[in-house]
Amino acid sequence: MDVSEITEEQLKEARRQIDSILHKLRETVKTLEGKERPDRYRSQLTLARRRIEALEIANLLIESQKGR
């Protein structure tokens with residue numbers, strides 16, 4: 001798929017899906033941080049935080065494409 005082929009509707013749906021995943025990841029981070037020994041979940045927390053950052057970047061890129 002070429003970037004020029006992506007429709008506004010596809011961007012809107014992609015953003016909706018990413019927002020849903022971000023919500024779930026943020027809840028996962030809260031849950032793991034709230035555990036009795038969160039240090040035991042360090043790798044899972046690192047992965048979740050990295051995914052959150054990547055998806056936030058994707059959302060910014062989607063926003064920059066909307067209306068073009």
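At what angle do helix H1 and helix H2 pack, and how far apart are their axes? In this predicted model, in which local features need pLDDT of at least 70, side-chain atom pairs count only at pLDDT 80 or more, and totals for chains, interfaces and linings use all residues, helix H1 (residues 8-33) and helix H2 (residues 42-65) pack at an angle of about 155°, with their axes 9 Å apart. Residues are numbered from 1 along each chain as its sequence is written, and side-chain values use heavy atoms, with hydrogens and water left out. Helices are DSSP runs of H or I with at least four residues, numbered from the N terminus; axes are lines fitted to C-alpha atoms, for helices over the stretch in contact, and angles run from 0 to 180 degrees between N-to-C directions.

The angle makes H1 roughly antiparallel to H2, a description applied to angles over 145 degrees. H1 passes H2 in a left-handed crossing, that is, one in which the near helix is turned anticlockwise from the far one by less than a right angle. The residues of this contact comprise 14 nonpolar, three polar and nine charged, where Ala, Val, Leu, Ile, Met, Phe, Trp, Tyr, Cys and Pro count as nonpolar, Asp, Glu, Lys and Arg as charged, and the others, Gly among them, as polar.

Side chains of opposite charge can pair when their charged atoms come close. With a salt bridge taken as a side-chain nitrogen of Lys or Arg within 4 Å of a carboxyl oxygen of Asp or Glu, the count comes to seven salt bridges. One of them joins glutamate 33 to arginine 49, with the closest N and O atoms 2.4 Å apart; this pair links distant parts of the chain, since glutamate 33 lies in helix H1 and arginine 49 in helix H2, 16 residues apart. Glutamate 33 is partly exposed at 40% relative accessible area, as is arginine 49 at 39% (buried means under 20%, exposed over 50%, and partly exposed in between, with a 1.4 Å probe and protein chains only).

Within helix H1, aspartate 19 forms a salt bridge with arginine 15 at 3.5 Å between the closest N and O atoms, and the two residues, four apart, are separated by about one helical turn. Aspartate 19 is partly exposed (36%), and arginine 15 is likewise partly exposed (24%). Arg15, Asp19 and Glu63 are linked in a network of salt bridges. Glutamate 27 and lysine 30 also meet in a salt bridge (3.4 Å, N to O); glutamate 27 is partly exposed at 34%, whereas lysine 30 is exposed at 54%.

Conventions
Parallel < 35°, antiparallel > 145°, perpendicular 65-115°, else oblique.
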